[in-house]
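Q: Could you walk me through the sheet in this model, strand by strand, and then show me what surrounds it? Take your time with the details.

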Amino acid sequence: LAEVEGEGGGALKGMATVVAAVAAPSLALAGVLEESLAPSPPLLLAVGGRGTEKALEEAAVSGVLNLGGRRLKEFPRGARNYDLTDITQADLSKNRFSEIPEDACHLISLESLSLYHNCLRSIPLAITNLQTLTYLNISRNQLALLPPYICHLPLKVLIVSNNKLVSLPDNIGMLMNLRQLDVSCNELQSLPNQLG
């Protein structure tokens, strides 16, 4: 694990690609060491490999899934090997998802989902499976549309700032429990009557 200084000044723990190789012995020692030291293959720890598996193991125990900042383009296939039915919080931020992963939409106990700073262009209908979801952060993505079915969730907090939204769903008023709505830094021309 490498300590990396984050944008907010805090230290972030993440997997780094590590390459270790045996240095070549000097010419004087070459004859003596040649027989005793066979060159070792480089040690490679791929980004997301074992660290992702460890995050899944921890999530199965703690109920908190942290896959943030791993440059993932898809939900880890290995997740199917773990019982993640009791996950209540999932951090999938700072990855490269173009859509909310279908597998994440089957975490039926999920209360908090963070997908900020990805490449989201769409939200699947399967998100309506998350009937305990009260916090959704999908800011800093490429969303041009919020689908009307998102208003069928029990959201208290919806953060969709820094996207490309030109409008909000007409049925946004169906979010009866909503306490915080952040739609700043979008391309909104008007607000639905329920918000105006």
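**The sheet and its surroundings**

A: Let's start at one pairing: strand E9 (residues 157-159) and E10 run parallel and are joined by three bridges. Within that pair, Ile 159 sits opposite Asp 182 of E10. Strands here are DSSP runs of E with at least two residues, helices are runs of H or I with at least four, and both are numbered from the N terminus. Two strands count as paired if DSSP finds at least two bridges between them.

A quick word on the source: this is a predicted model, with local features needing pLDDT of at least 70 and side-chain atom pairs counting only at pLDDT 80 or more, while totals for chains, interfaces and linings use all residues. Residues are numbered from 1 along each chain as its sequence is written, and side-chain values use heavy atoms, leaving out hydrogens and water.

Zooming out, the sheet is open and has six strands, ordered E5-E6-E7-E8-E9-E10, with parallel pairing. Strand E5 (64-66) and strand E10 (180-182) are the edges, each pairing on one side only. From one strand to the next, the twist averages 5°, where axes are lines fitted to C-alpha atoms (for helices, over the stretch in contact) and angles between N-to-C directions run from 0 to 180 degrees.

Now for a loop in the sheet region. Thr 128 lies between strand E7 (112-114) and strand E8 (135-137). Thr 128 is partly exposed at 23% relative accessible area; buried means under 20%, exposed over 50%, and partly exposed in between, using a 1.4 Å probe and protein chains only. Setting aside residues up to four places away in sequence, Thr 128 touches Tyr 149 and Leu 153, contact meaning heavy atoms within 4.5 Å. Its C-alpha is 9.8 Å from that of Pro 154, which is 26 residues away along the chain.

Then there's the core. The largest nonpolar core has 42 residues, and Leu 65, Ile 100, Leu 113, Leu 136, Ile 138 and Leu 146 have the most contacts inside it. Helix H2 (residues 49-62) gives the most to this core, with three residues. Such a core is a set of buried Ala, Val, Leu, Ile, Met, Phe, Trp, Tyr and Cys residues joined through side-chain atoms within 4.5 Å. Beyond neighbours within four places in sequence, the contacts of Leu 113 include Ala 90, Ile 100, Leu 133 and Leu 136.

Helix H2 also holds Thr 52, which is buried at 4%. Thr 52 touches Leu 67, Arg 70 and Pro 76, not counting residues up to four places away in sequence.
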